[in-house]
Each structure stands twice: as structure tokens, then as C-alpha cells.
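Welcome! Here is a short tour for anyone meeting this structure for the first time.

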Amino acid sequence: MTITEAAIWEGTGPDAQAFMGRHIGPDAGEVAAMLRVVEAPDLHSLIAETVPASILEPLADGVAPGLTETEVLDRLRGIAGENRVLTSLIGQGYHGTVLPPVIQRNILESPAWYTAYTPYQPEISQGRLEALLNFQTLVCELTGLDVANASLLDEATAAAEAMALARRSSKVRANDFFVDADTHPQTLAVLRTRAEPLGWTLVVGDPATDLEAGSVFGALLQYPGSSGAVRDHRATIASLHAAGAVVAMAADPLALCLLTPPGALGADIAIGSMQRYGVPMGYGGPHAAYMAVRDGFKRSLPGRLVGVSIDSHGRPAYRLALQTREQHIRREKATSNICTAQVLLAVIASMYAVYHGPEGLTAIARRVHRLTQIMAAGLRKLGVDVRNDAFFDTLTIDAGKDADAVHARAVAAGFNLRRHVGEKSGLIGISLDETSTQETVRAVWQAVAGDSRPQLDAMPEGIPEALRRQGRLLDHAVFHAHRSETDLLRYLRRLANKDLALDRTMIPLGSCTMKLNATVEMMPITWPGFCDMHPFAPTDQAQGYARLFAELQASLCEISGYDAVSLQPNSGAQGEYAGLLAIRGYHRSRGEAHRDICLIPASAHGTNPASAQMVGMQVVVVGCDSSGNVDVADLRAKIEKYADRLAAIMITYPSTHGVFEESVREICSAVHDAGGQVYLDGANLNAQVGLCRPGHYGADVSHFNLHKTFCIPHGGGGPGMGPIGVGAHLAPFLPQHSEAFDSHAVSAAPYGSASILPISYAYIMLMGSAGLRRASEIAILNSNYIASRLASHYPVLYRGDHGRVAHECIIDLRPIKDATGITVDDIAKRLVDHGFHAPTVSFPVAGTFMIEPTESENKAELDRFCDALISIRAEIRAVEQGRITAAESALRHAPHTVADLLATDWQRAYSREEGCFPAGARRTDKYFPPVGRLDNSYGDRNLICSCPPVEELSEAAD
Ligand SMILES: *Cc1c(COP(=O)(O)O)cnc(C)c1O
């Protein structure tokens with residue numbers, strides 16, 4: 001008897017290596033056990049009770065079947081190989097740099113850093129907060145300004161934020177904003193996008209000749225200019241100030257090691273990109289932008305600000321300062337929509353400065369400048385027309401009709417030069433950087449002038465006397481203490497040890513989807529084929545990226561039911577902004593420019609109203625009913641009231657209350673019938689992938705938080721990516737980044753943070769259609785399991801029509817507060833004693849927890865978490881029953897530190913053991929936060945946002 005071909009090979013196929021089971025926590029046995037607890041006969045029934053039948057739509061196999069880890073790496077290696085990595089001397093805000101291996105391996109490739117969440121819980125975030133404070137100190141020192149934030153998304157959006165800050169602070173009533181013509185074109189493009197809906201006009205010109213100081217509310221000056229020119233802006237700044245205008249400077253932080261800082265020239269604001277502090281170009285990102293302001297502007301600074309406060313023991317500790325400025329609270333009064341920023345990249349840039357110290361940074365800057373001086377001298381000697389006399393690292397040459405030939409020779413020799421500098425054709429830009437050598441300079445001479453050995457006699461000065469930096473840079477200890485690798489390694493480890501990230505515990509943050517960031521997904525991002533590409537390299541060199549983008553866009557369309565995807569927005573909030581701009585463009589194209597009302601439910605994330613306000617729409621709040629759903633009657637009333645002016649509704653689905661609202665189709669139709677468009681906030685897509693598609697049930701546009709649903713790690717508060725999907729009718733209004741940079745750019749780079757897209761690409765390829773659907777099902781099961789286990793201990797606030805929650809659930813802690821005085825914060829901090837990161841606190845409902853377990857957590861971890869909350873409930877009961885007061889309880893003193901454990905004088909009403917090792921907490925690998933509970937108001941009253949003096953730090957380290 002012969003055996004069949006299939007029988008021979010049975011059990012040897014890739015199924016055995018399927019990745020799905022690695023990504024998804026619970027195995028079949030656990031799923032069965034959990035289904036019993038939630039009282040569902042099977043997964044299918046649970047989903048049918050959760051997702052409305054009117055939208056449930058099993059994902060066809062539109063996404064290829066799952067690949068193994070080996071297969072996905074092979075595939076990505078092929079894609080990276082299709083990119084041709086040349087040495088790019090293009091400049092224009094992006095430069096070659098050396099990421100020190102010790103930082104690459106121990107930060108960028110370390111899950112202790114990259115899987116951390118935004119540091120809202122300061123006690124478990126002291127490590128990354130310290131690194132961010134170092135970043136802020138670095139930026140203050142480089143710019144000569146008083147206060148710096150902890151990063152923005154990129155230089156161009158930072159410039160737009162500076163313009164908006166200028167508008168808020170300026171005494172001049174005008175609506176014009178002056179922009180230096182020598183500004184990077186991508187910055188100008190993003191400024192145009194931001195200014196237009198708000199009715200501001202950009203006046204672009206030469207500050208020396210075209211500026212009428214009294215007619216503008218502010219100005220942006222680039223330093224050095226995009227052409228490389230180093231100009232003294234003192235007189236310009238003085239005349240703007242005399243007229244009451246606000247002055248921002250876009251400054252290169254490497255040049256600032258040698259140049260007089262913007263603060264000393266009189267600027268009010270400085271912005272720029274910290275990319276060249278060790279962060280690879282990555283075909284556009286991610287990189288940290290910086291913003292610094294003088295003291296008087298600190299309370300209107302956008303983005304996050306790390307400050308120093310004290311903890312419950314009166315010792316210095318770090319935390320996010322002025323949190324009331326956060327968008328979640330300010331909503332349409334917010335000054336910007338920044339939520340996710342670029343924390344991981346800011347940490348890398350700060351550590352680059354810690355690694356090099358001021359001498360090292362200055363030496364790099366001097367070396368780059370010296371090579372540029374030599375390059376300039378040689379080019380002049382060879383008869384080349386070098387346009388800028390004063391420069392740091394960039395020259396503009398006029399090659400006239402030879403320009404194309406020069407570019408061709410450069411590419412043939414393995415490097416790219418900048419094609420367009422300003423309006424005049426034939427101008428070529430050449431930027432040197434940390435990676436440039438003698439050979440680079442010789443290659444440039446050869447390509448430009450056909451001779452690599454000019455006879456040099458004199459060396460031109462590049463930096464005018466009046467613009468040379470005086471005084472010392474970065475005196476603070478941290479920039480001097482870690483020069484050996486042994487020492488830096490230990491510093492990085494010490495900081496990482498202070499923090500709780502996904503590598504130690506589940507982080508059950510509602511709406512933030514802290515799921516697995518698989519190692520295999522992270523590996524490709526540091527491959528040279530992805531990370532060493534310049535965003536403005538010729539597209540024929542970036543064919544690998546083109547393929548990656550096309551395949552990812554196709555998958556995202558398949559998953560969401562939309563027709564087109566833009567990869568440009570660098571965060572969810574930027575996606576909202578881009579999506580609303582598309583809606584605005586659509587209405588205008590139909591002669592309905594008067595539509596300016598944006599309906600937003602009361603439960604929406606704060607970025608929604610903030611984004612609406614940024615595109616010039618007026619926010620009208622729609623109420624929620626008692627079960628947390630959009631109040632359809634109120635919605636209909638508001639639609640009727642504003643019918644002619646209705647531009648859009650922004651809804652989140654499943655809602656931020658964690659429910660799949662049955663009426664979603666009805667809501668979409670009602671808005672459409674009135675001529676409005678539906679923006680569906682896609683932050684909760686983790687409950688929908690493979691189950692239902694926004695583009696099919698009525699939404700017109702959504703963002704996808706790739707750092708939530710699609711596995712890009714949170715990095716402690718960034719990077720992220722927020723691509724948007726749209727229906728075909730909105731496709732013409734997607735952000736564009738044409739060569740001319742003229743239409744609706746929302747990010748500096750055409751494809752946003754391109755270099756982290758392989759992470760999401762890998763995830764989708766690894767999971768395939770079946771895996772993606774299963775992930776959503778298990779995310780919903782896990783959340784229902786938590787709701788079931790906790791329901792008899794804490795009220796679960798909102799449920800769908802069949803009693804089910806979606807992928808997250810809200811537990812109500814307000815009754816506890818009313819009865820006992822124990823607050824949501826007390827409970828959040830007590831979870832730290834159990835080794836957990838708290839859930840989302842007080843969003844979308846004050847006094848509650850929003851818990852999102854994700855599919856990646858297995859039953860054991862879910863049980864550990866539920867047990868912790870149940871044991872906390874028992875502690876609360878002791879307060880309820882009058883056995884202990886709230887003030888005396890372990891809850892109020894949480895989190896407990898080693899200082900509590902070792903206190904010689906223990907006067908508390910509970911034992912040391914109960915405090916430090918609550919029931920169920922692990923003994924062998926117990927996490928102790930390095931500081932006690934933070935006093936936030938102390939820090940806001942005494943605002944300190946750069947490194948504290950050395951003495952205080954050494955005390956804190958005791
Ligand atoms: C996270 C989130 C956003 C904002 O996304 P970012 O990437 O942080 O800018 C918007 N809406 C909801 C519901 C979110 O959870």
C-alpha cells in the first residue's frame with residue numbers, strides 16, 4: 001500500500017511554528033476555562049453577543065495567511081535589500097549620525113525602555129523621567145532658553161506649534177506670520193497647512209530685507225538657514241520685539257555647540273530636530289523634535305514637560321509637570337493636540353549627549369565644521385561658485401546647467417546631494433555630518449569639479465566672530481559622569497530598573513492597547529536598509545520602502561474597509577488632524593466651505609476636540625445616555641440645529657466606555673443625511689480587526705494607532721504612527737508631500753516615521769487574517785473575563801445590550817470614595833505594591849479605572865491582576881467597617897518603598913509586611929518603586945524643569 005503525498009508530509013508544515021500562539025496569551029485550555037467564567041458556550045457566541053449583528057462581518061482571507069518568524073524576517077530582509085543605501089549629504093534637517101552601540105542595544109533594542117508606557121504614574125517611571133529631564137536640560141543648554149519640553153513629533157510640526165504659541169502670546173493683532181525664506185521646505189509646507197484653516201497668512205521672505213516688523217504677530221527664522229547660511233538675526237529679533245511680535249528660531253542642535261544660542265540672540269522660542277544626536281534618519285523618522293521657550297512662556301508650552309517635585313518622604317522625585325495642561329482635560333481649549341510624542345528618541349538623544357559629554361559634542365561639531373571649511377576652500381579653489389560665506393556644515397553651490405551631471409556623478413560615486421535649494425535651478429546643497437571623512441570631501445570635489453586634490457592655501461572662516469558660542473556647555477554632572485562604557489551601561493540599567501514596563505507586568509491601560517511588541521517585529525528597524533535612508537533620497541533608491549508602504553496600505557485597507565491610506569501622520573492625534581483636513585477639503589471642493597461644526601460626544605478623548613479646533617472647526621458636544629452610549633436623541637437635535645453647518649462627527653468605536661454601540665450605523669446615516677462626514681477614532685481598532693470594518697458600516701475616515709493595535713511599542717510616550725484610512729471620495733484630500741511641498745503636508749517627512757512601519761507590517765504578516773481575527777476575539781474575551789471576575793467586587797460601569805463589554809471595561813470607584821474617602825489614586829498606587837501598572841485613571845469618567853488587558857496576557861496574569869484588585873477591595877472593606885481609617889491605611893501610604901521597609905520607627909496602623917508585601921505580591925522578585933507617592937502640587941508651585949543641582953541628586957541617590 002502506498003501512502004499519499006499529503007500523509008507523508010503531515011505535521012511538518014509551518015503550522016507547528018505559527019506565530020499566533022506566541023502573540024496571543026491564552027491557550028485553548030485557558031480559553032475554555034475563561035469562557036465558563038463569562039458564561040459563554042464558545043468564542044463565537046461571545047462575539048455574537050458583543051459585536052452588533054448589523055456590523056459583524058467576518059474578515060475574508062484578504063490578508064495573507066500567517067508567516068513564521070523566520071519567513072517574515074526573510075521577507076523583510078528582501079524588502080530592505082531593495083532599498084539602495086547611499087551616503088546622503090542632502091541635509092535639509094536630516095543627517096548621518098552614529099548611534100553608539102551601547103545605546104542601540106540597551107535602549108533602542110531593550111524592552112525595558114521601548115515597552116514602557118507614558119509616565120503618568122511617576123512612581124514607576126523615575127528612570128525614563130530622569131532621562132527626559134536630561135533631554136530638557138540638554139535642550140535648554142543648547143538653545144540658551146529657560147524651559148524645554150520632553151519632545152515634539154518632528155521639526156516641522158514643532159515649527160507649527162511655535163507659530164501657534166506665538167499667536168497666543170503676541171501683542172500684535174495682525175494675522176500674518178513671517179517665515180524666513182531660508183527655512184527647510186518641509187517646515188514651510190507644514191506651516192502652510194496649519195496656518196490656512198486658522199486664517200493666518202504666511203509672509204515668506206528674507207528677514208534682512210522683506211520684513212515689516214509691525215505687521216506680523218511673530219516670525220520663524222532658521223539657524224543656520226536651510227541653504228547652510230549662518231546669519232546674525234539679532235537686529236531682526238530686536239525690531240520684531242520692539243513691535244511686540246514673538247520670535248521663534250529653528251536651530252540645528254549640533255551647530256549650536258559652536259554657535260551663539262538662540263536665547264542669547266534674543267529669541268523667545270527655539271525648535272528643531274534632535275535627529276543627529278544619534279538617531280538614524282530612518283527615511284524620515286521617528287526622531288525627537290525639541291521646543292524651548294523663555295520663562296514667561298512656560299505655561300503655554302505645548303507637549304509634555306517633566307519637572308521635579310518631592311515624594312511622600314520629602315525627597316526629590318520627577319513627574320510630568322502642569323498636567324492640567326494635558327489635552328484630556330483642556331479639550332477644545334487645549335493649545336495643541338499633542339498626546340503621543342517621541343519619548344524613546346528623546347531618551348536616545350539625551351543619552352548620546354551623556355555618552356559624548358560637552359567635550360565630545362563640541363569635538364564632533366568642530367570636526368564637521370572643519371571638514372566643511374576644507375570642502376569650501378577646495379571647491380572655491382576649483383572654481384566652483386560657493387554661495388554662502390558663513391556656514392556650519394552645509395554649503396550651497398551654483399552648478400548652473402551642470403547640476404544634473406553633478407548629481408549623476410555623485411550618485412555614481414555612492415552619494416546623494418540636495419537637488420533643490422530655494423527657487424533658482426542649478427543650486428545644489430551639500431551637508432557634511434558626523435560620519436563624513438576626508439574621503440567624503442574628496443569625493444565631493446571629484447563629483448562637483450572633477451578633481452579630488454585641489455591645492456589649498458588658506459582656510460576660510462565659516463562662523464562669524466559675533467556668532468561664536470561663549471562660555472561653557474552642559475556643566476551638569478550627568479553629562480560628565482558616564483564616559484566609560486561600563487559606567488554608561490550601569491547607568492542605563494539603573495534607570496531601566498526603576499521603571500515598570502511590559503517586560504515585567506501587564507499594563508492594563510484602557511484605550512492604549514499595551515499588547516505584545518514581539519522581538520521579531522522589532523529586529524528589522526535597526527537594519528541599515530531601513531534606518532540609513534534619507535527621506536528625500538531619490539525614490540529609485542527607495543524601492544523597498546515603496547513596496548513595504550504599498551503592501552501595508554493594502555492590508556490596512558482590507559482590515560478597515562477603506563479605499564486609501566496615508567502613512568504620513570506621526571501619531572493618532574496627527575491622524576485626526578489630517579482626517580479632519582480631508583473632510584474640510586472635501587466640503588470646500590463641493591462649495592460647502594461654510595460647514596464648520598464638529599459634533600463630539602462628551603466621552604471623547606481630549607485630542608478629538610483639540611484636533612477639530614486646529615482645523616478651524618467649532619466643537620459642539622453631544623451628550624451620552626445613562627448606559628454610556630451616544631444620546632441619539634440629543635444627536636438628532638444637534639444635527640437639526642446645525643444642519644447647514646454640520647461638517648463632521650467624531651466618534652470612537654467601540655466607544656471609550658468600552659461598548660459596541662448598537663446604533664453606530666444609525667449615527668453614521670443621520671450625519672450623512674445632513675451632509676456631514678463621519679470621523680471614526682480608530683484607537684479602539686483592537687476590538688474590531690477581523691470582526692467588523694469602519695469603512696463598511698458608515699465611517700468616512702479613521703486613524704489607526706499603529707502603536708496600539710499594530711504593535712509598535714509605546715516607547716514611554718512615543719514613537720507612534722497614526723496613518724489614516726479614507727473612503728474613495730476623501731482620497732483626493734489626503735495629505736500630500738509633493739516635491740514642491742505645496743499641498744497639505746502634516747509631517748516633515750512624506751511617510752512619517754517610515755522606519756518603524758516594518759513593525760506593523762511584520763505583525764500583520766505573522767498573524768494573517770485568522771490570527772488577526774483571533775486576536776480581537778481573545779482581547780474581547782480577556783476583557784469580559786476581567787469584568788466577570790471583578791463584577792462582584794466593583795461595579796462594572798457600562799455594558800452592551802447583551803451584558804458584554806468590548807475589549808476594555810470601566811470599573812466604578814466613586815462609590816468607594818463616597819463611602820470611605822479612598823480615592824482612585826490610592827487604589828492605583830496600591831496596585832504598584834502588587835507589582836502592577838495602574839489602568840487608565842479617570843478617563844473617560846472621573847473616579848474610575850478603564851482596564852484593557854489585550855489578547856497578549858494569559859489567564860495567569862489576568863488572575864494575578866484580578867486577585868490584586870480583589871485583595872485591595874478587602875483592604876477597602878476594613879476602612880468601610882471602621883477597622884482602620886483611610887488616612888491610616890496602607891492604601892493611602894502606597895506605594896511602599898524600601899525606605900518604608902527599613903524604617904526604624906514604624907508607627908503605622910498596619911504591619912510592615914502588609915504594607916510592603918500585600919497578599920499575593922511576589923516575594924522573590926518584588927518590585928519596589930524608587931520613590932514614595934509624588935506631591936504634584938508642590939512641583940507645580942515650584943516649577944523646576946531641568947536637572948536639579950548636583951547635591952540634591954546625590955542625596956536622592958542615597
Ligand atoms: C490614544 C488615543 C488617541 C490619540 O492618539 P495618539 O497616538 O496618542 O496621538 C486618540 N483617541 C483615543 C481614543 C486614544 O485612545
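Tyr283 sits in the loop that runs between β7 (269-273) and β8 (289-293). Helices and strands here are DSSP runs numbered from the N terminus (H or I with at least four residues for helices, E with at least two for strands). Although Tyr283 is not a glycine, its phi is positive, at about 55°.

A word on the model itself: it is predicted, so local features need pLDDT of at least 70 and side-chain atom pairs count only at pLDDT 80 or more, while totals for chains, interfaces and linings use all residues. Residues are numbered from 1 along each chain as its sequence is written, and side-chain values use heavy atoms, with hydrogens and water left out.

## Two cis peptide bonds

Look next at Gly718 and Pro719, which are joined by a cis peptide bond with omega of about 15°. Pro719 belongs to the loop between β20 (701-703) and β21 (724-726).

Another cis bond leads from Ala894 to Pro895, and here omega is near 0°. Pro895 is found in the loop between α30 (890-893) and α31 (898-902).

## Around the ligand

There are 14 residues around the ligand, and Thr340, Ser511, Asp681, His707 and Lys708 come nearest. A residue is counted as near if one of its heavy atoms lies within 4 Å. By type, this shell divides into three nonpolar, eight polar and three charged residues. In that grouping, Ala, Val, Leu, Ile, Met, Phe, Trp, Tyr, Cys and Pro are nonpolar, Asp, Glu, Lys and Arg are charged, and the others, Gly among them, are polar. Helix α21 (residues 572-589) gives the most to the shell, with three residues.

Now for the polar contacts (pairs of N or O atoms within 3.5 Å). A side-chain N or O atom of Ser511 is 2.6 Å from an oxygen atom of the ligand. Backbone N or O atoms also take part: one of Gly572 lies 2.7 Å from a ligand oxygen, and one of Ala573 lies 2.8 Å from a ligand oxygen. Taken alone, the ligand exposes 380 Å², and the protein buries 98% of that (areas by the Shrake-Rupley method with a 1.4 Å probe).

## How the domains meet

The domain assignment gives domain 1 (112-342), domain 2 (564-756) and domain 3 (768-941); such bounds come from an automatic or database assignment. The centres of domain 2 and domain 3, taken over C-alpha atoms, are 32 Å apart.

Between these two, 21 residues of domain 2 are in contact with 22 residues of domain 3, where contact means heavy atoms within 4.5 Å.

How values were computed. Polar contact = N/O pair within 3.5 Å; in protein donor to acceptor, adjacent residues only side chain to side chain.
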